[in-house]
Amino acid sequence: MEISDLDIRYQDSGLVTRLIPEAPKSQQEEKQLASLLKFISQSLGVAKANSVEADEIANALVDFLKPYQDPSLNTQANKKQLRLQMSPSKPLSLQELALMAHETRLYKDSNMRLTH
């Protein structure tokens, strides 16, 4: 099995509020969440915690959560879509993907993008 292109789109319909009951309400809380997300990126092998790639991932996820900060903004019209794309320069086997994750370079080397 190989992956040559991957495009996943997620539109929230309530799962986020169940998993994260309180979205960050201040810039300080956003920074703390971003730091946690960078650490999680490294733990999952996606990107090193202090890398540009981890910053991109954390920023996309924090921005995705912003409508949940204020209940008045939490409407269907304001809910954003989270999109994960991967388009490596050559098809990647599961073994290659596992090696990239083990070396915390999956995001960069698989040409992965997470956007909101």
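Let me start with S41, which sits in helix α2. Bear in mind that this is a predicted model. Is S41 buried or exposed? Its relative accessible area is 4%, and the cut-off for buried is under 20%, so S41 counts as buried. As for its neighbours, leaving out residues up to four places away in sequence, S41 touches V46, A47 and I57.

I57 takes us to the nonpolar core. The largest one has 23 residues, and I57 is among the members that touch the most others, along with L97, Y107, M112 and L114. Which elements give two or more residues to this core? On the helix side there are α2, at 27–43, α3, at 52–65, α4, at 94–102, and α5, at 106–109. The strands are β3, at 81–86, and β5, at 112–115. The most comes from α3, which gives 7 residues.

Now L97, another of those members with the most contacts in the core. With residues up to four places away in sequence not counted, L97 touches I3, M86, L92 and L106.

Next, L99, which is placed in helix α4.

One distance to finish. L99 and G45 are separated by 54 residues in sequence, and their C-alpha atoms are 9.2 Å apart in space.

That is what I have on these residues.

Note on methods. Residues numbered from 1 in each chain as written. Predicted model: local features only at pLDDT ≥ 70, side-chain atom pairs only at ≥ 80, totals over all residues. Heavy atoms only, no water. Core = buried A, V, L, I, M, F, W, Y, C linked by side-chain atoms within 4.5 Å. Buried < 20%, exposed > 50% of the residue type's maximum accessible area, 1.4 Å probe, protein only. Helix = DSSP H or I, 4+ residues; strand = E, 2+ residues; numbered from the N terminus. Contact = heavy atoms within 4.5 Å.
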